[in-house]
Amino acid sequence: MEAGAFNLGVHQYALVQLSLTQAQRHSVEGLIIAIAKNNIFTDAILHYQQGNLLIKKQLSASTSDNKLLSIKVPDDALLNPLHLSLSGRYLRGELLIYTPIEFAQYIKNTAIKDGVYVGIAALFLLSSILAYLVLQKSIFIKYAALLTSMFLWIAAGEGWLISYFPQLQNLAFFTANSLGLLFFITFAYFSYDYLKLNHYVAKTGLILKYSQWLLLIIWLCYCLSFNQAEPSLYQAAYALALVTCFVVLNTAFISAMRSLPNHGKQAKFYLAALGVFLLCGVISGLSMTNIIDFHVGWTLIKTSSLAEMILLATGLMYWYQNSMNKLINEQKQYNAAQAELISTKQQLAEKEALLITQPSSTPPSPQIAKVIALLDKTLYIKAAGNYCDVIYQDKETVKEALIDTKLQAIEAALGTDKLIRCHRSYLINVRCKFMLTRRTSADYDLVLAQHRIPVGRKYLKDIQRRFSQS
């Protein structure tokens with residue numbers, strides 16, 4: 001086998017024959033064989049023949065997390081056949097063949113990648129906490145919890161936690177299984193708030209909540225019975241947890257699709273992040289079981305997690321922008337309602353003053369009261385026999401109200417401060433911006449939009465004083 005990926009699948013053991021190039025066999029600097037693997041508990045042994053003796057040398061850990069094993073091949077063994085024995089079901093990783101300088105550069109590059117990942121994850125986490133402190137929106141602290149559980153899950157799986165904190169090795173909370181459950185619990189918690197499932201898709205929101213509670217119960221049982229329960233119980237709980245996690249992902253996907261009309265871009269970014277997570281999970285599962293010939297390393301997993309962070313953070317920006325726009329619109333509506341309320345109060349005060357200043361001490365009749373109620377919206381009043389038609393404008397619509405009283409009664413009751421007669425059959429509101437136009441050589445009309453009102457000759461001079469000719 002040349003340098004590259006390997007996967008034992010369901011096999012317990014594997015014996016690998018190494019294929020070295022001529023340049024590698026005659027390397028002046030020497031040669032280092034290394035294995036970057038997913039399992040921290042399995043060992044690897046190099047086998048080679050020296051004379052009539054079969055030599056076995058165990059690869060030693062090159063990093064504190066025990067996931068990178070290496071050995072320097074003796075110079076006299078480079079020309080002989082080399083074999084590597086591996087053990088452990090579903091053991092997978094990469095076989096590396098480097099010179100010492102190349103191997104040191106590989107470790108350096110790996111450390112830089114890990115540092116970049118930790119730095120970006122910490123930056124997103126810090127930003128989400130600051131956003132919560134400044135904006136006081138709970139969604140940001142839930143996003144921070146999601147990032148924390150995701151980072152700890154990856155750190156436990158890659159061996160960082162045990163490597164840097166060996167005292168945590170026997171604590172159930174810090175195992176990869178426990179942190180994986182916590183990730184799905186926080187994911188359900190975050191998704192419920194992000195997609196506003198209590199407002200738009202309440203039924204799927206309930207499914208997500210019940211799944212979250214079930215995962216929380218499984219997690220508590222796992223932590224309390226760690227290394228104490230029967231293996232069969234662990235397997236049953238593991239299967240139930242997998243099914244529940246699948247329900248969470250499926251429910252979140254359906255909820256996001258149904259929320260698209262209400263959330264738009266933020267739901268699209270959520271779907272994109274969910275798609276990245278599902279794609280990475282499917283590829284990892286198929287690679288783990290050797291169904292596809294593709295090596296899934298931690299670089300791919302960390303890259304996909306960074307993509308999910310960025311997509312969800314972008315979606316949160318749109319979420320906050322939409323919330324602010326909605327709040328601004330609500331504030332505008334509130335201000336408009338307040339202004340309308342103040343205007344209505346002023347109108348009521350004017351009408352009360354008008355009633356007080358009436359020459360008659362008796363209250364107006366119900367018919368006159370109707371005219372007074374419509375007075376500020378009135379365009380003109382037209383006589384209709386023993387009745388009157390009050391033509392008024394309600395917002396954008398022109399309406400008519402038939403009043404059981406004569407035009408003379410309205411004029412006598414309200415005077416000429418608000419209404420003025422322009423014709424024996426018409427009273428007009430002096431506040432309206434009518435335009436006086438000539439219809440014939442001696443006849444005039446008052447025009448307002450589509451309304452044309454004739455002007456009687458006996459009223460012309462009074463009208464001309466109030467309205468300019470055109």
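Q: Which residues point one way from strand β3, and which point the other way?

A: Leu-31, Ile-33, Ile-35 and Lys-37 point one way from β3, while Ile-32, Ala-34 and Ala-36 point the other way, and all of these residues are buried. Buried here means under 20% relative accessible area, with exposed meaning over 50% and partly exposed lying in between, for a 1.4 Å probe and protein chains only. Strands are DSSP runs of E with at least two residues, and helices are runs of H or I with at least four, each kind numbered from the N terminus. The structure is a predicted model, in which local features need pLDDT of at least 70 and side-chain atom pairs count only at pLDDT 80 or more, whereas totals for chains, interfaces and linings use all residues. Residues are numbered from 1 along each chain as its sequence is written, and side-chain values use heavy atoms, with hydrogens and water left out.

Q: What makes β3 a mostly covered strand?

A: In β3, 7 of its 7 residues are buried. Ile-33, which is found in this strand (residues 31–37), is an example, since its relative accessible area is 0% and it is therefore buried.

Q: Which residues is Ile-33 in contact with, leaving aside its neighbours within four places in sequence?

A: Contact means heavy atoms within 4.5 Å, and beyond those sequence neighbours Ile-33 is in contact with Leu-18, Leu-46, Leu-59, Leu-69, Ser-70, Ile-71, Val-73, Leu-82, Leu-95 and Leu-96.

Q: How do you know that β3 and strand β7 pair?

A: Two strands pair if DSSP finds at least two bridges between them, and β3 and β7 (residues 68–73) have 6 bridges in the antiparallel sense.

Q: Why do β2 and β5 stand at the edges?

A: The open sheet of 4 strands has the order β2-β8-β4-β5, with antiparallel pairing. β2 (13–18) and β5 (53–58) each have a single partner strand, so one side of each is left without a neighbour in the sheet. The twist averages 25° from one strand to the next, where axes are lines fitted to C-alpha atoms, for helices over the stretch in contact, and angles run from 0 to 180 degrees between N-to-C directions. Within this sheet, β4 (residues 44–50) is joined to β5 by 6 bridges, and Tyr-48 stands opposite Ile-55 in β5.

Q: What makes both faces of strand β14 covered?

A: Tyr-426 and Ile-428 on one side of β14 (residues 426–429), and Leu-427 and Asn-429 on the other, are all buried. This strand pairs in the antiparallel sense with β10 (residues 378–384) over 3 bridges, and with β13 (residues 419–423) over 4 bridges. Leu-427 is the bridge partner of Ile-381, whereas Ile-428 is that of Ile-420. β13 and β14 form a hairpin, with 2 residues between them.

Q: Why are the buried residues of helix α10 said to be on the same side?

A: The buried residues of α10 (residues 366–373) are Ile-368, Val-371 and Ile-372. They cover an arc of only 100° around the axis, which puts them on the same side of α10; the arc is that of the directions from the helix axis to the C-beta atoms.

Q: Which residues of the largest nonpolar core touch the most other members?

A: A nonpolar core is a set of buried Ala, Val, Leu, Ile, Met, Phe, Trp, Tyr and Cys residues joined through side-chain atoms within 4.5 Å. Of the 49 residues in the largest one, Tyr-143, Phe-187, Phe-190, Tyr-270 and Met-309 touch the most other members. The largest share of this core, 11 residues, comes from α5. Apart from it lies another core, of 24 residues, among them Leu-18, Leu-69, Ile-71 and Leu-78.

Q: How many disulfides does the rule give?

A: A disulfide is a pair of cysteine sulfur atoms within 2.5 Å, and by this rule the count comes to 0. For Cys-221 the nearest cysteine sulfur, that of Cys-223, is 9.5 Å away, and for Cys-280 the nearest, that of Cys-245, is 15 Å away.

Q: What makes Cys-280 count as buried?

A: Its relative accessibility is 11%, so Cys-280 counts as buried, whereas Cys-221, at 44%, counts as partly exposed.
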